[in-house]
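I am opening a notebook on a structure that is new to me.

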Amino acid sequence: YVPTDAGQGQLTIVVTATDVCGKSTNETFVAVIDTEAPDITFTDIADDDSNNETIETSKTNDKPSVVVTYSDITSGVKTLDYEFYYFNRTEGKFVNYAEEEDSNASGTFTRNGSFSGSVKLRMAEQTTVDSSAFIYPDTYTDGKWYVKVTVTDEAGNEATYNSPYFY
């Protein structure tokens, strides 16, 4: 039984056993209640506008980059998945760049229960930093882009966010 008003976080459970002679013993357990998905924010964007309006990002070698900061204070983040999308003018819609051109345009970072941190997603030169991803957009570099990020915590709660558009 878990009380409905237990909220999020640690829940201390005390189990008491009493025998017929009246002797008792207690055992204490700690459980974690986590029913909320992790949060993320997109930063390193010139105009920090989360309404998916067209904006400029900070640039590395004239290529956009977006920093994704994640947090989950209850159970910690397990994975962070990302996919780059670009506006295909011919098709008149956003297309997953990994399916079209570059397999590096999507992937997963394993966070192993980290309660907070950040990863940098960028279209630039290859990096050796573990918390950074890159793609080489040979075609379609001009135009509108966004990054779709799905973050999952250790309890299995998941949320998907789209970055603001960038060029």
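I began with burial: of the 167 residues of the protein chain, 38% count as buried, where buried means under 20% relative accessible area, with a 1.4 Å probe and protein chains only. I note that this is a predicted model, in which local features need pLDDT of at least 70 and side-chain atom pairs count only at pLDDT 80 or more, while totals for chains, interfaces and linings use all residues. Residues are numbered from 1 along each chain as its sequence is written, and side-chain values use heavy atoms, with hydrogens and water left out.

Next I looked up the elements, and found one helix and 12 strands in the protein chain; these are DSSP runs numbered from the N terminus, helices being H or I of at least four residues and strands E of at least two.

Which strand holds isoleucine 40? I found isoleucine 40 in strand 3, and isoleucine 40 counts as buried because its relative accessibility is 9%. Leaving aside neighbours within four places in sequence, isoleucine 40 is in contact (heavy atoms within 4.5 Å) with residues including Val68, Thr69 and Val149. The C-alpha atoms of isoleucine 40 and threonine 69 are separated by 5.4 Å, although the two are 29 residues apart along the chain.

Notes:
Buried means under 20% relative accessible area, exposed over 50%, partly exposed in between (1.4 Å probe, protein chains only).
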